[in-house]
Amino acid sequence: MAFLFSRSSKKKTKPTVEATPKVVPKNKKVSSTKQVNKPKVNSHTQPPQITKCLCCGTKIHIKKELTKFKCSVCYTTNYLLKRESLKHNSADASVSKKVYCSVSQLKQLIKKCHDLPRIVDRNGKEYVNFELVSRYLTQCFHDINILEDSFGNINSPLFINIDELMEFYFLIMQLPTRKPFYRMICACNDLLKKPTERIERFRWILIIWQNPVVRNCLNLRPGEEGLGAPHIKAVGYELTKRCIGYMSQILENKNHQIYLAYLSYLPTKLFLHHIETVNLYLTYQLTKLYSDYNNNLKHNKKLKENINTNNRLSLMISQPEISPIRNGSSTSLPADNENDDGDADSLDSKSLRDIKDLKKKQPRIKAYQYQHNWHIETASGLMTLYFLVNAKRESKEDEELCENQRLNISHFYNTMVDFIDYRQDFNNWEGLEVKKRLHDIIRTAEFQTRKFSFCRYPFLLSLGVKISIMEFETRKIMEYQAEMAFLDSLDKGKNVPLYFRIQVRRKYIVPDSLKAIKDHQGDFLKALRVAFIGEEGIDAGGLRKEWFMLLTKEFFNRKSTLFETIPESRYSWFTSCSPVDLPENQNLERLYFLFGVVIGLAIFNGVILDVKFPKLFYKKMCNEQLTFADYLELYPQTGKNLQKLLQYKDEDFTEVFSLTFETTIVTSNKSSKAKQTTQTLELCKNGSKREVTLKTVREYVHLWVDYYLNIAVSKQFKQFMEGFKKVFAGCNSIKLFNSEELERLLCGDIQVKKYDFDMLRSVTKYTNGFSDNSKVVQWFWEIVSQWDIKLQSKLLQFVTGSDRVPATGINTLSFKISKLKGKEDLSLPIAHTCFNELSLSEYSSQSQLKAKLNTAITECQGFEFR
């Protein structure tokens with residue numbers, strides 16, 4: 001913490017506006033010097049006020065009479081009062097009195113420089129003197145008012161003309177000398193260090209933020225060597241850190257909504273460029289903390305280059321690729337430089353294994369190294385701003401081009417954050433959460449949340465790290481529950497189960513599961529063990545997977561009244577009927593609660609489920625704001641009709657459509673002879689008497705969407721969330737996942753074309769005499785690589801108990817192939833789903849292996865044949 005004080009009162013100096021806030025008016029007579037000095041004496045007895053640096057965010061104690069102070073952490077001068085900027089220097093006759101930045105004025109000055117007489121150096125070489133340009137740039141970028149009045153864009157929500165601004169920078173960079181460019185960035189640096197007024201406008205900072213040197217000082221690309229001079233990169237780094245510092249404090253500004261709107265309308269490529277620049281800066285700061293980083297990577301030069309140039313490598317390490325959407329196109333956007341040599345897609349399976357092994361051996365960045373680093377805190381704060389803005393951007397996955405498309409969360413992941421000690425970071429964050437809750441209850445003295453933790457910024461953590469954190473917490477909770485059960489058994493003198501045991505019959509799996517969950521509601525956080533009555537088998541993971549698979553099938557079969565399949569999208573959704581309104585479905589409330597518990601137990605125990613919900617289901621679970629795009633995903637045909645209503649602008653609207661604020665729902669009653677029942681409901685009070693007009697059509701669409709996404713399923717979803725929270729009430733790691741990650745955590749990755757069995761082969765382990773060079777093993781990989789997606793999914797279902805790939809990629813799936821002892825030609829392949837192990841015999845031919853393998857995967861059911 002920095003403590004700053006004013007000048008000593010012993011010095012007899014005239015009080016200035018900067019040093020003393022109270023100035024005696026000229027027309028007021030002072031009787032004695034004691035009366036003038038009296039406020040100064042009393043000021044020493046007054047307690048200092050606590051303010052915050054506008055750049056680094058450090059809390060500082062200063063005297064109340066100060067109007068400005070210099071932060072001892074980031075060395076930035078902060079003004080506490082708004083002042084008028086310094087007047088333009090009109091002494092220079094070579095520059096126009098009306099000064100502002102524009103491409104036209106810059107071109108005129110450049111032309112004027114070319115028309116002036118050339119300057120000859122000592123060697124007799126002539127060159128153009130661009131001193132006029134240098135002075136023009138220095139004057140423009142040394143005044144906030146000039147920058148605020150430049151590069152305007154009135155007819156667009158983007159109040160900065162990005163095209164003109166980039167052309168302006170491009171013209172300066174194309175000059176044969178770097179002196180004007182260097183003078184310009186030095187003026188920017190002086191302005192950022194001493195802004196001459198309290199920062200209430202950020203437009204001028206955004207203009208400096210667009211300077212190409214801001215990113216190139218962190219990552220110099222081929223073809224831009226001119227910006228790689230040491231003195232230019234040094235000043236560029238100063239611009240970068242101060243721009244990030246100021247912009248991270250935008251949310252505390254009273255006009256922050258204007259700048260959030262500006263960022264939300266940025267073009268997709270430019271918005272992505274901003275995010276990557278902040279991520280590069282954060283990677284640079286963490287790399288400096290990693291003391292032995294270069295020494296540990298000497299034997300893997302390719303990985304070192306990738307980490308230094310690609311800030312999304314951690315995504316490729318923990319999850320090889322963003323899962324494709326259902327129409328087959330990728331949801332991820334290309335980077336600015338698609339031909340970058342550091343692209344992680346170029347890594348082969350062996351390199352990925354080396355990277356994973358290397359990361360396990362690497363020492364972790366400890367929490368104390370970055371907890372008081374203002375560079376990391378401000379960069380993380382700015383990424384929070386971009387993440388909040390990204391949630392408000394448009395989501396149009398059906399369109400190839402979108403000016404302001406919402407980015408996937410993977411674009412916010414940072415490489416070097418994967419190298420932190422995530423266990424220690426999570427424990428620190430968990431402790432802060434506990435202190436917050438205690439503070440809310442007790443209301444003690446002021447609560448300090450200065451302690452930094454990356455878990456407070458979960459969008460920076462890759463999905464692999466988040467899953468590791470969840471596994472760490474769930475394992476810790478299970479061990480604690482087992483210890484408490486053991487102590488209870490000693491205290492009470494009776495057997496207290498260490499596990500949450502469920503015994504069910506296959507034919508009555510739903511009622512048996514409901515009874516087991518109802519009778520053991522205090523055992524949800526224990527390790528789960530499942531047993532099928534009348535069947536032999538010890539649950540080491542396989543029986544648990546099968547129980548989840550069979551139970552979810554019962555929830556979604558045609559006879560179930562829990563969910564319905566929307567014909568327009570083929571997604572599963574809650575039935576729109578209310579459990580209270582239908583006497584024959586009174587058991588639905590308990591079933592929704594059971595389903596919520598099952599979903600929670602599946603995530604808690606790391607089991608992937610085969611469910612097909614729309615994205616809005618996971619957004620509701622994460623309490624994220626729903627949009628019209630979510631309704632369009634679930635009801636695409638009806639959504640398009642509503643869009644046509646919004647697009648219709650003729651005055652005969654009411655005559656053409658004749659709509660009222662009502663909706664008609666069709667309920668499928670599977671338990672009754674009557675197949676369907678219809679019911680008309682009002683969307684608002686007196687909706688049947690209220691017509692939809694051009695003025696009220698937007699309200700009508702809003703109420704329509706809100707009814708089908710929220711009101712119609714409110715009771716059902718409430719029961720579901722009560723069951724889900726029954727499992728995760730005391731688990732904090734679930735808060736780290738957003739809706740996109742939660743879907744991948746629960747459902748894994750759906751393969752549209754084929755599974756990457758080459759990647760799976762690279763991580764497969766062999767036992768009992770088999771190796772990767774064995775004939776049977778080579779035949780096996782040749783056979784499965786030629787199969788279609790259906791047979792490949794059945795093979796994974798047969799071996800692992802699920803046809804879904806883990807969210808972190810198929811390369812993280814533990815897969816084993818072992819050798820069976822016995823006759824080669826008679827035995828079928830055997831799967832141990834608890835260990836993801838496939839046992840094969842020493843078959844005599846490839847065709848025989850193919851036939852036996854096909855029979856095993858298509859005719860098996862549970863632990864027997866169909």
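This is a predicted model: local features need pLDDT of at least 70, side-chain atom pairs count only at pLDDT 80 or more; totals for chains, interfaces and linings use all residues.
Residues are numbered from 1 along each chain as its sequence is written. Local features need pLDDT of at least 70 and side-chain atom pairs count only at pLDDT 80 or more, while totals for chains, interfaces and linings use all residues, and side-chain values use heavy atoms, with hydrogens and water left out.

**Overall content**

The chain has 33 helices and 19 strands; these are DSSP runs numbered from the N terminus, helices being H or I with at least four residues and strands E with at least two. Of the 866 residues in the chain, 49% are buried (under 20% relative accessible area; exposed is over 50%, partly exposed in between, with a 1.4 Å probe and protein chains only). Contact means heavy atoms within 4.5 Å. Among contacts between residues at least 6 apart in sequence, 73% join residues at least 24 apart.

**Helix pairs**

Axes are lines fitted to C-alpha atoms, for helices over the stretch in contact, and angles run from 0 to 180 degrees between N-to-C directions.

| Helix pair | Angle | Axis distance |
|---|---|---|
| α11 (residues 268-289) and α17 (residues 374-392) | about 155° | 10 Å apart |
| α32 (residues 789-800) and α33 (residues 846-859) | roughly 75° | within 9 Å |

At about 155°, α11 is roughly antiparallel to α17 (over 145 degrees). The contact includes Phe 271, Ile 275 and Leu 282 of α11 and Ile 376, Met 383 and Tyr 386 of α17. By class, this contact has 13 nonpolar, 6 polar and no charged residues. Here Ala, Val, Leu, Ile, Met, Phe, Trp, Tyr, Cys and Pro count as nonpolar, Asp, Glu, Lys and Arg as charged, and the others, Gly among them, as polar.

At roughly 75°, α32 is roughly perpendicular to α33 (65 to 115 degrees). Leu 791, Lys 794, Leu 795 and Phe 798 of α32 meet Leu 853, Asn 854, Ala 856, Ile 857 and Thr 858 of α33. The residues of this contact divide into 6 nonpolar, 2 polar and 1 charged.

**Thr 575 and the cysteines**

Thr 575 lies in the loop between β11 (572-574) and α22 (588-604) and is buried, with a relative accessible area of 9%. Leaving aside neighbours within four places in sequence, the contacts of Thr 575 include Phe 563, Glu 564, Tyr 592 and Gln 716.

Cys 684 counts as buried at 17% relative accessibility, and Cys 731 is buried at 2%. The count of disulfides is 0, where a disulfide is a pair of cysteine sulfur atoms within 2.5 Å.

Note on methods: Angles under 35 degrees count as roughly parallel, over 145 as roughly antiparallel, 65 to 115 as roughly perpendicular and the rest as oblique.
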